[in-house]
Amino acid sequence: MTRPPDALPTAAYTAQSDGRFASSALTRGPWHPDHQHAGPPIALVCRALEAAAQEHGLTHLSRLTANLLRPVPISDLEVKVSPVYVGRNAGHFSAHLIAQGKEVGIFSALVQRESEFALPPGLPGHPLAMAPRAATDSPVARFPFAGRHVGYSDLVETRVARGRMFDGPCAIWFRLNQPLLNGETPSPYQRVAVAADSGNGVSAILDFERYSFVNSDLTINLLRQPQGEWICLDAQTYFGPSGCGLAESALYDAHGLIGRATQSLSVRPRQQTS
């Protein structure tokens with residue numbers, strides 16, 4: 001299936017005059033044609049949380065947790081943010097994502113105040129580890145569901161730094177092909193959010209055509225501000241014997257380790273059609 005470039009939307013979302021955001025087909029995920037991949041809406045909420053924290057002089061998003069209550073439909077979205085507690089060095093914030101009159105996600109974030117700090121030499125684990133291979137030296141790869149519909153696989157460019165996509169532990173670079181919001185350059189934190197929700201997919205150990213392994217949450221912890229357009233997920237999936245699982249990813253930019261992400265998974269056989 002091939003499409004001319006001008007057939008694609010120009011952004012994941014477009015801001016509406018009523019404060020809502022219209023979702024484009026670039027947000028479509030792999031599990032259902034009417035549902036979004038969770039990465040773009042998490043990034044949209046991340047954008048609102050960043051703006052709320054910056055009003056208090058807090059600029060480093062240390063943690064973002066998304067509790068995904070329902071599938072996010074490809075429709076208009078509304079984001080509501082409120083501070084829970086703001087102190088001198090850190091602030092806690094909550095957010096709610098609403099679609100078609102229903103709450104589809106509840107979020108919490110920790111945002112810290114940054115200050116200059118010189119690390120003493122010789123610390124264990126420093127300098128920070130690098131991704132297995134640079135994005136510029138990594139071959140381009142495509143999601144196995146790419147081309148079926150306009151969707152998430154068109155929103156991002158992916159390159160393989162280690163292993164193979166959808167075939168166990170691997171390291172995959174992500175870069176946005178289109179902006180998150182029309183007419184706006186996404187922040188590095190938003191770039192991380194778009195990518196980090198794909199850890200369970202790129203490191204899949206079950207056949208995507210026969211099983212679903214959807215995540216009901218995502219937690220991102222970052223030790224510093226990401227830099228640049230490229231974000232690498234060094235991801236691995238683990239399953240327990242009761243239909244539950246965990247995906248975890250070490251996160252990198254071009255300068256080294258930036259943090260980690262985890263996802264709780266529900267594992268089910270897909271319904272097969274004859």
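Guide: Helices (H or I, at least four residues) and strands (E, at least two) are DSSP runs, numbered from the N terminus. The chain has four helices and 14 strands. This is a predicted model: local features need pLDDT of at least 70, side-chain atom pairs count only at pLDDT 80 or more, and totals for chains, interfaces and linings use all residues. Residues are numbered from 1 along each chain as its sequence is written, and side-chain values use heavy atoms, with hydrogens and water left out.

Visitor: Which peptide bond is cis?
Guide: The one from His 126 to Pro 127, with omega near 0 degrees. Pro 127 sits in the loop between β6 (102–112) and β7 (140–141).

Visitor: Is Gln 100 buried or exposed?
Guide: Exposed, with a relative accessible area of 61%. Buried means under 20% relative accessible area, exposed over 50%, and partly exposed in between (1.4 Å probe, protein chains only).

Visitor: Where is Phe 166?
Guide: In the loop between β8 (156–162) and β9 (170–176). Phi of Phe 166 is also positive, near 60 degrees. But Phe 166 is buried, at 16% relative accessible area.

Visitor: New topic. How much of the chain is buried?
Guide: Buried residues are 49% of the 274 residues.

Visitor: What does the C-alpha trace span?
Guide: About 60 × 50 × 45 Å along the principal axes of the chain.
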